Amino acid sequence: MRTVQAAVLALLVTAQVSASSREAWVTEAEVPGATLRIEVLPPFDEEKAREIVAWLRSASSNVTLAYGRFPNPSPRVVVIPTDNHSWGGGSPVPFGRVTRYGEEKIELYVNIERPIDEFYADWTATHEFSHLMLPYLGDRHRWISEGFASYYQNVLMSRAGRYTAEDAWRKLGAGFERGRASRPELSPNEAASAGVRQARMKIYWSGAAVALLADVELRERSGGKESLDVVLDRLQRCCLPSDRTWSGPELFSKLDSLVEEAVFMPLYRRYANRAGFPDTRGAFTRLGVEVDGSGVRLRAYAELADIRSAITDVAEL
Ligand SMILES: [Zn+2]
């Protein structure tokens, strides 16, 4: 990582638009609510760099399907070509992360050998961009930031038409089962404190489960006027981007202050310090999501079928 960061700094000094394979390709892309400041680091060819920039515009637009605009008006996006094919299980975007030292920067490691179509089907960039809908949370509450991004990567890929609704619910269901099987003796707070190497699936999917439960409860009790999208829209208006570390309870208390009646802190008190996994099976039954072996069936006449559709139907632009 140190080598990569030194290279980024060196390139910033000489940054300019260039077709040369020895300099960064620096450009901007407009999406609703934001201008992305993009650097594609060498090596790349010009055609691929243009394709990558078009894909970044699309992936960042996925996140605008939550509440109509990108959560940060001027994020920095750094694309780092890698030929390390052992990462990421053959994904065209084997690794991504958000750093927030004075500015929000999204780093995406890409395998530029792969055809551009594969990039559009990959969730990594949508996941990383989704992180910007929440402020930075410390290590102990990382399950909330990873969980909300894991929930939204699936929901937003579906709204964008990159996944079918069945794909999205199947992936959520599979994730919840992986999370349920991961370190059942730990609470989400304990799992996050132990670290990703110890309890990755618990960290990612317990938070996604809480995101789903909050979203369904908000939509159900408000008749669709409130949702996770609506509350995160309000959070962005009041408080983002934020340059400091928030705690989980601080974030959840703030989210509760933005809705009619508290939903987040009750979920936190119920699950954050308790071993096991949030109960998503009841919600799936009411939403009409039937996980069936490796497939899924969506029941048209389920009690909360309308809410299921509102979460994952293709968004009208
Ligand atoms: Zn993440």
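At what angle do the axes of helix 5 and helix 6 cross? They cross at roughly 165° and come within 8 Å; axes here are lines fitted to C-alpha atoms over the stretch in contact, with angles from 0 to 180 degrees between N-to-C directions. That makes helix 5 roughly antiparallel to helix 6, a term for angles over 145 degrees.

Before going on: this is a predicted model, where local features need pLDDT of at least 70, side-chain atom pairs count only at pLDDT 80 or more, and totals for chains, interfaces and linings use all residues. Residues are numbered from 1 along each chain as its sequence is written. Helices (H or I, at least four residues) and strands (E, at least two) are DSSP runs, numbered from the N terminus.

Back to the pair. The contact involves Ser150, Asn154, Val155, Met157 and Ser158 on helix 5, and Ala165, Asp167, Ala168, Lys171, Leu172 and Gly175 on helix 6. Contact means C-beta atoms, placed from the backbone, within 7 Å.

Next, helix 13, residues 305–312. Its buried residues are Ile307, Arg308, Ile311 and Thr312; buried means 20 or more other C-beta atoms within 10 Å of a residue's own, again placed from the backbone. Seen down the axis, they fall within an arc of 115°, so they line one face of helix 13; the arc is that of the directions from the helix axis to the C-beta atoms. They pack against several elements, including helix 5 and helix 6.

Last, Ala34, in strand 2 (residues 34–40). Ala34 is buried, with 22 other C-beta atoms within 10 Å. Leaving out residues up to four places away in sequence, Ala34 touches Phe70, Asn72, Pro73, Ser74 and Pro75.

Key: A residue is buried if 20 or more other C-beta atoms lie within 10 Å of its own, exposed if 12 or fewer, and partly exposed in between; C-beta atoms are placed from the backbone. Two residues are in contact if their C-beta atoms, placed from the backbone, lie within 7 Å. Angles under 35 degrees count as roughly parallel, over 145 as roughly antiparallel, 65 to 115 as roughly perpendicular and the rest as oblique.
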